[in-house]
Amino acid sequence: MTAPGLAPAGLGDEPLRVGGQAFTSRLMVGTGKFGSHAVMRDSLVASGAEIVTVALRRVDLARVGEGDVLDFVPSGVTLLPNTSGAVTAEEAHRLARLGRAATGSQLVKLEVTPDPRTLAPDPVETLRAAELLVADGFTVLPYCPADPVLARRLEEAGCATVMPLGSWIGSNRGLRTRDALEVIIETAGVPVVVDAGLGVPSDAAEAMEIGASAVLVNTAIAVARDPVAMARAFALATVAGRLGYLAGRGVVGTPTVAEASSPLTGFLSSQPEGFSASSRPEGIAP
Amino acid sequence: MSAPPGAFAKALAGLDVAGLAAAGLRADEAAVTAVLATARAGRRLGLADLAVLLSPAATGRLEELAGLARETTLRRFGRAVRLFAPLYVSNACLSSCTYCGFAKGLPVVRRTLSVDETEAEARLLAERGFRHVLLVSGEHRVEVSADYLVAVVERLSPLFPAISIETQTWSDDTYARLVAAGLVGAVHYQETYDRDRYSEVHVAGWKRDFDRRLSSFERAGDAGVRRLGLGVLLGLAVDWRADVLALAAHTTFLSRRFWRTEVTAALPRIRPNAAGFPPVVVVDDAEFVQAHAALRLYEPDLDLSLSTREPVAMRDGLVRIAVTTMSAGSSTEPGGYGTPGNAQEQFSISDERPPAAVATMLVEAGYDPVWKDAFPLVSL
């Protein structure tokens with residue numbers, strides 16, 4: 001059986017490319033809200049994720065090696081430090097630099113979420129932060145509102161991906177922003193990673209089916225009754241959705257009304273006394 | 001001279017919390033069922049709904065209420081429980097509050113830690129794993145001055161990414177200085193939102209000014225304090241339900257006005273202390289759980305904090321229902337971690353487990369003890 005996260009060969013799928021690295025898995029996973037670091041680690045393994053994001057505010061460098069969250073990230077995965085907790089562009093920048101000093105990686109998931117209730121990303125500060133971080137040499141993956149114009153602005157600022165939200169982070173409400181996501185996906189020149197709000201595996205499949213390059217899931221796995229099984233379910237759904245996208249959806253007929261078997265304009269030649277150019281009565285202007 | 005009423009004081013004046021509480025007391029089974037259904041559907045509850053959830057009729061539905069609160073807590077906060085430690089820097093006090101073990105005039109041994117002594121205490125807490133410390137003091141404008149507190153915060157900020165204070169209230173520019181030094185949070189319990197009762201128990205001193213205290217969060221929020229800690233002291237006012245309703249209204253007010261700010265609330269019950277103050281009402285254990293669960297449903301995003309003044313069984317039970325932040329291994333005596341027995345404690349604690357044991361309890365209950373949940377806001 002193919003490991004979850006690996007799209008089967010034969011449909012010519014390309015690897016996901018982020019910041020010059022290639023990834024087979026299109027499911028990224030977060031590390032918050034789990035009941036224990038051990039369950040988190042087992043879930044990450046079951047997800048097959050190759051990119052794992054960690055909140056720098058939760059990392060305690062004084063404790064690495066003594067049970068810090070970083071000690072439970074499986075070896076071999078790419079660590080994506082995030083700036084969760086930052087309220088301004090400057091705070092995100094400072095946090096990203098702390099992360100780079102700690103991990104040696106230029107990768108950063110940019111999160112500027114000043115409202116602690118919705119954790120909605122601040123579009124203005126996110127764009128400012130992206131500009132600061134790109135100028136400082138970071139590979140920036142910004143969590144952002146599902147706004148097509150902002151997505152383009154972030155791309156223009158030099159971000160490696162855009163990560164629009166599917167619904168409020170942690171809400172498990174699915175693709176409430178689907179219409180906007182479709183526009184973002186259609187217009188983006190960088191990978192679009194749907195981040196936040198995916199509640200069940202079918203939400204991940206739906207995001208992949210409409211052409212997202214990847215999805216990022218955290219809460220839905222962490223708070224599931226069986227996080228490890230849910231991680232695997234999301235892995236399979238992500239692959240299924242990607243396959244569905246690559247396979248190409250058949251044209252869907254609108255109404256289920258029977259098609260007429262005779263030509264729609266057949267009546268024109270069967271009218272015995274109808275108007276035609278040659279029979280136009282005099283006095284009627286053409 | 002008393003302070004002018006702040007914006008929330010005006011809002012509170014327009015709310016009849018006693019009337020809402022009284023109406024809630026008359027709630028029947030059907031009313032409780034309706035409010036629980038509203039919460040289950042994920043719709044916002046109003047203060048009248050909260051009053052229903054605080055009613056005796058809802059006490060009879062406590063298991064159902066707790067189950068719904070647990071689901072809400074898990075959805076919003078996951079399995080993360082934040083830990084912090086109080087660090088008492090001084091028990092000197094110029095306020096006379098009839099319920100407090102630090103009150104001016106009580107014949108207790110007073111001590112104010114020097115900045116060096118505070119750092120020594122802080123290092124012990126850091127060694128025990130804490131990365132969030134709450135600096136606590138009595139209200140003494142000379143011994144615990146703004147300059148002193150700023151110096152303490154500056155000294156501790158390399159050790160702790162999160163520093164909060166529970167001290168007297170301050171002016172705007174003092175809050176701004178504290179934030180610049182590394183302050184994250186301010187805790188100022190109103191104790192009771194009933195003005196008459198407030199003036200009965202706050203006999204003299206800075207804290208006697210109800211409006212100065214009530215408006216303190218408006219000054220702190222304007223100055224950039226990121227976490228605001230509210231509380232009512234259960235047992236102080238007879239109508240404890242009205243106090244919980246007023247606190248709920250206060251959280252909503254602050255959440256809207258300071259949308260970048262996290263609001264955290266606590267419902268301490270009066271504990272034995274040097275003041276020997278008898279509670280005027282006993283909020284029993286079932287009602288205590290009910291109040292926490294009801295607040296969780298009223299405000300799903302509210303951080304609820306529970307101290308070691310509650311016993312082990314209550315702490316271990318409430319963390320599974322509604323509580324999202326806990327202190328652990330606390331001493332309420334200045335210098336009590338490194339040099340205990342040299343000053344009066346504020347109150348006696350109930351849960352005497354060391355921090356590591358509380359963390360172990362959380363792990364065994366399926367929760368992740370979060371010691372660090374912040375990063376330094378000021379450059380080191």
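1. In chain A, strand β7, helix α4 (residues 148-156) and strand β8 form a right-handed β-α-β unit; helices (H or I, at least four residues) and strands (E, at least two) are DSSP runs numbered from the N terminus. Right-handed means that, with the strands pointing away from the viewer, the path from the first strand over the helix to the second runs clockwise.

2. The model is predicted: local features need pLDDT of at least 70 and side-chain atom pairs count only at pLDDT 80 or more, while totals for chains, interfaces and linings use all residues. Residues are numbered from 1 along each chain as its sequence is written, and chains are lettered from A and ligands numbered from 1 in the order in which they are written.

3. β7(A) pairs in the parallel sense with β8(A), residues 163-164, over two bridges; pairing requires at least two DSSP bridges between the strands. C144(A) has P164(A) as its bridge partner in β8(A).

4. Strand β6(A), residues 107-110, also pairs with β7(A) in the parallel sense, over four bridges, and L107(A) stands opposite T139(A). The crossover from β6(A) to β7(A) passes through helix α3(A), residues 123-135, and is right-handed.

5. The predictor gives the complex an ipTM of 0.72 and a pTM of 0.84.
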